[in-house]
Amino acid sequence: MLVLPCFDALLVDEVEPSRETTGRRASVLRRLAARAAPPLLIATVDAVLPRVPQPQAWSKACLRLAVGQPIDVDELRRFLTEAGYELDEPADYPGGVLCHGQTIELFPAGALGPVRIDHDDGLIRAIHTFDPVHQTDLASLDALVLDPMSERNLLGNGTTGAGIFTYLDGVRIIADAEVPVRAAARLAAIEESGDARSREATFIGRREWQEVMRGLAVLPESSTLESIPNFSRETSARTALRRFIAAAKRSGARLLFAAAIEQDLQRMERLAGLKTLRRADWAGASRPPAGKVTSLLADLDTGFRTGRTRPLLVVAAADVLGSRAHHLQPMARQNPTAADAATRPALGSAVVHLQRGLAVLQGLERLSAPDLSDREMVRLAFAVDEAVLVPVGELALIWPYASDASGIRLDDADGHSWAARCLEAEREVDRTAQTLSQAIQARRQTKAPRLVPPTADYERFVARFPYFATPDQAAAIEDVLNDLAAGHPMDRVVCGDVGFGKTEVALRAAAATVFAGKQVALVVPTTVLARQHVLTFQKRFAPFGIAVGHLSRLTAAAEARSVKQQLRDGSLQIVIGTHALAGKDIAFADLGLVIIDEEQHFGAAGKDKLSALRAGVHTLTMSATPIPRTMAAAMVGLRDFSVIATPPVQRLPIVTKVSPLLDSTLTMALRREQRRHGQSFVICPRIRDLGPMQERLHCSVPELRVVVVHGRMPAQDIDDRMMRFVGGEADVLLATDIVENGLDIPRANTILICAPERFGLAQLHQLRGRVGRGSTRAFAYLLSDAPGDEAQKRIAALQELSRPGAGFQISARDLDLRGAGNLLSEQQAGHVHVFGPALYHDLLARALQGRPRRASDMWMPELRIEVPALLPASYVPDEATRLDIYTRLARAESPAELGEIEDEIELRFGALPPEVSNLLDIAAIGLSCRALGITRIDVGPTGIAAQLRPDAPVAPSSRLITRSRHRLVYKHRISKSQMLQTVIQFINALKTRRARAPLRRTTSRAQKTGRPATAIGGSS
């Protein structure tokens, strides 16, 4: 079965569609051209109208790779470039390609995920699909076909395109009932756009479509399938399901269970009280033996009944398990969050060295000299342009401070200017940790009602959600439900990018609370967002007879009085409003849950009021770009944290363009959106800019209907105009940043932001998030005549971070530009600025866990072992990747963690060269040295000397090792080839028998490489 997607941009405007869409189309077309049997193709009208390459063009446009086949990496790079792939771009998005030493990572056109090709000596050794977030292999492939990233690469240069129906000769074509009407409308729209020659070259014409229609079988508007009961919405799903099965068996009907995964089938069997017969295909499953029930791994939305004599009753997992049923979402891709990356330094950024202070990390520098072994060092630039080279092992002491180093006062290289500031900041960490510890303890001891909703009511509510929850969304919902039922106050932060489904998490939390008999208050920062949420909640709760109240300046006085009275007497269960909900005249009969949306927009006074409202009750906070205090509280355990990093399926990157503020740009962008039957936003930074811009729009696009909204309008006017736009009665909404939060208008897919230099980076990201909330390609224009340096950085960052899920990176980048706040107060300076947010939060977490946290405690052993130990550039070409691996090795805290890093290196880059193997061994030696209190090891041809800390827990088990105060000496002739192995033996001899363990793995590298691994004092 093949699915042909439609383009997500208007081809007549010569706008390049997304690589994901074009790649999928190219892959499907190539398979159709090469088909040996009639295919099952699913497509829409919009997908089949564009002209496509002639079927014979695909044979020369693709490249097949197979295990054991010769490979020329340079030739492959040339092919991929011509095919539209992006070389030297991470393979976490379609079209990305990274070539490492002995591996190639790429995301092929039409694939569900990236693949890794291992090669050696000019041959392909293995092909694997892999998880780009965790870098783990998923499945092995024998062969791989690389398609072009777009079919448009094969068109042009006088090539005549074909209709897709030339690929379907002899294939029966079936159309949905609405296809003829939709096709007529799309053909009419095409005929009104562009010139005739361009239209004919890009789309099939009306005459060709009419030829297709003659052989079309159009389906009836109604289906012959009958529905079956939804057992999950019954008081007892188990009882209802067993009665249904008993009745079906008495009537002689056939029964089939269907679920997406094996675990769901097993749960269905337990509830039904029977064992089913597993079948591999529909033909076998639909013909069960008499009295038996079959089952099939198939992801169905709902069950059904079909047939008259001995009917087939299909029971889907969703009918029995409700919202707990799993649904396969192969197109859902998790985006890596910035949580891990934000703690690792980046090239060119400002960093803080725990013992030297603030510096700029200029890069990696390879050292090679006759008396020194090959290695890479980290080059740090301090004050007065003084540069220092430090070993890569010291990356454990180097933390990110800001991505942009301009304007930062650097420290002296000797650390003198840093010491006093560091000491005072450490005292602040201790004080903060003590206060936080008390708060965490108090939270754990506080009791709260256990809120468990009746299953039937909750499942009926969930069934009204028209989409499948994404994997991360489902996990966040599960976290919230577990918190509500835990018996202590929930304080959970749900962090997800704009449009990733945080509102659905809030809706289900509210439903669980209300069905459990408690009241819910949803607090938002703006009246516009309040109004949007009121409409959403009313729509979902209306079928259950649950009213939703509204309190903001949009609310009339009489209505406000009524809402307050109903909250007091308990007749109103849900209320949505601004910070007015925290007013002294607001009282609840039985408040169970407070939901705070877009927390970062509440000021200090607003947060103080909210803290009184949420005291002793469950609290759910939602944010796309969380503030530093929120992130820190989650990191140290003061608040729980759920991350939604999986974008909705079909969500596309927003095309972000920078342009001068010209009438021609306004006209082009707004008319393009109008041709797509869509709507647009035009945003100005100040109210006084709206009037002149309205005049410009009237002159440039007089045919478009424009409404104006800003924060100083009467509340009712704002509401009326917003509702006109939401209802499609206007084409353009001209507004200030009042629309920054909450608006969810799928038809609006173009936004023009005037003077973007007057907005913060997080603001720009939120504004851009008003568009692109469906499957239509969205456009964001940043219109500026002369932005300053700082504004240019913000704009460049926004362009760079345009993929779905960029909110985490945006938040981190915005911290660099705005500064960070203190965890326990509202001040935007102080000790967080001494260490930077990442290091401050790490030290705070260490203090809470009782782990070493002083700069003097965070030491690294100095290892003078003259063996080549590095990641060669020929093996890992990308300098940033090498820096990241060095950092992870330096910060590894266990042999198991080192083993995981080793496995990842081998998976990503191929077999380990000797220098990399040495690097891993030295990392393991450093880990043991820290545990033993060894601050320095010197290795030479006549022996080993080790310097100890005063409190070092060393107990030598060999008489060949002598100790003099804080110094250990082992005298023995050591050849260069045995140097590393002798050090490993030396380290093991210092451990007690009980503590002695392999340095890296149960199977050590010595065993893997055949090196001798005898102990000091033993026979070799």
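**Buried residues and a lined pocket**

Biologist: His533 is found in helix α16, residues 527–541. What makes a run a helix?

Modeller: A helix is a DSSP run of H or I with at least four residues, a strand a run of E with at least two, both numbered from the N terminus. This is a predicted model: local features need pLDDT of at least 70, side-chain atom pairs pLDDT 80 or more, while totals for chains, interfaces and linings use all residues. Residues are numbered from 1 along each chain as its sequence is written, and side-chain values use heavy atoms, without hydrogens and water.

Biologist: Why is His533 called buried?

Modeller: Its relative accessible area is 5%. Buried means under 20%, exposed over 50%, partly exposed in between (1.4 Å probe, protein chains only). So His533 counts as buried.

Biologist: Which residues does His533 contact?

Modeller: Beyond neighbours within four places in sequence, they are Thr503, Leu522, Val524, Ile576 and Asp597. Contact means heavy atoms within 4.5 Å.

Biologist: Why does Ala405 count as buried?

Modeller: Ala405 sits in the loop between β22 (398–402) and α12 (416–445). Its relative accessibility is 17%, and the limit is under 20%. Therefore Ala405 is buried. Ser349 is 56 residues away along the chain, yet the two C-alpha atoms are 5.7 Å apart.

Biologist: What makes up the lining of the second largest pocket, by class?

Modeller: It has 23 nonpolar, eleven polar and seven charged residues. Nonpolar covers Ala, Val, Leu, Ile, Met, Phe, Trp, Tyr, Cys and Pro; charged covers Asp, Glu, Lys and Arg; the others, Gly among them, are polar. Helix α14 gives the most, seven residues.
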